[in-house]
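Welcome! Try each one before you read its solution.

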Amino acid sequence: MAAGSSQIETVAHEGRVIGLVVRSGALPPETKFLTSPEDNLQLGYVVYPAGGEIQRHVHLPLERELVGTSEVVIVKQGRCEVDFYSDDKELLTTLEMTEGDVMLLLRGGHGFRMTDDTVLFEVKQGPYTGLAEKERF
């Protein structure tokens, strides 16, 4: 079920995080990651003071083995309702998403209903293999 502050809502089932919703107004005072280091996609805030700097760098070609596809969805415009499902396709909760909200989908299932004209910005692991990687229910 959904739990957490009004700014960050966690959807969990049987001790495992299914997804997170980060509301548009959520701004922590310090760096804070919202996912555990074991999750296959990391989501968090990195906070810097004025004049702060991220030293230039490259990411090394580290080989990783992932199971599943995680997604980040940002509501750029509009409003929608998101159903979160367990791995067993059991409806856990429905949350409303509005402009500026960010959602992380780590596991389980999900479905969307647009209540306004909506533009979603989606980030997920690639390469994309098409509909062969989805099971609709």
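**Exercise 1.** Which element gives the most to the lining of the largest pocket?

*Solution.* Before we start, note that this is a predicted model, where local features need pLDDT of at least 70, side-chain atom pairs count only at pLDDT 80 or more, and totals for chains, interfaces and linings use all residues. Residues are numbered from 1 along each chain as its sequence is written, and side-chain values use heavy atoms, leaving out hydrogens and water.

Step 1: S10 gives the most, with five residues. Strands here are DSSP runs (E, at least two residues) numbered from the N terminus.

Step 2: Of the 26 lining residues, those closest to the pocket's centre are Gly108, Gly109, His110, Lys134 and Glu135. A pocket is an open set of points on a 1 Å grid over the protein atoms alone, where a 1.4 Å probe fits, with protein on both sides within 12 Å along at least five of seven lines; lining residues have an atom within 4 Å of a point.

**Exercise 2.** Find how the rings of Tyr85 and Phe137 are arranged.

*Solution.* Step 1: The whole structure holds one aromatic pair (ring centres within 6.5 Å; planes under 30 degrees apart are stacked, over 60 edge-to-face, the rest tilted).

Step 1: The ring centres of Tyr85 and Phe137 are 5.0 Å apart and the planes stand at 90 degrees, so the pair is edge-to-face.

**Exercise 3.** Decide whether Tyr85 is buried or exposed.

*Solution.* Tyr85 has 18% relative accessibility, so Tyr85 counts as buried (under 20%; exposed is over 50%, partly exposed in between, with a 1.4 Å probe and protein chains only). Phe137, at 54%, counts as exposed.

Technical notes: Helices (H or I, at least four residues) and strands (E, at least two) are DSSP runs, numbered from the N terminus. Rings of Phe, Tyr and Trp (its six-membered ring) pair if their centres lie within 6.5 Å; planes under 30 degrees apart count as stacked, over 60 as edge-to-face and the rest as tilted.
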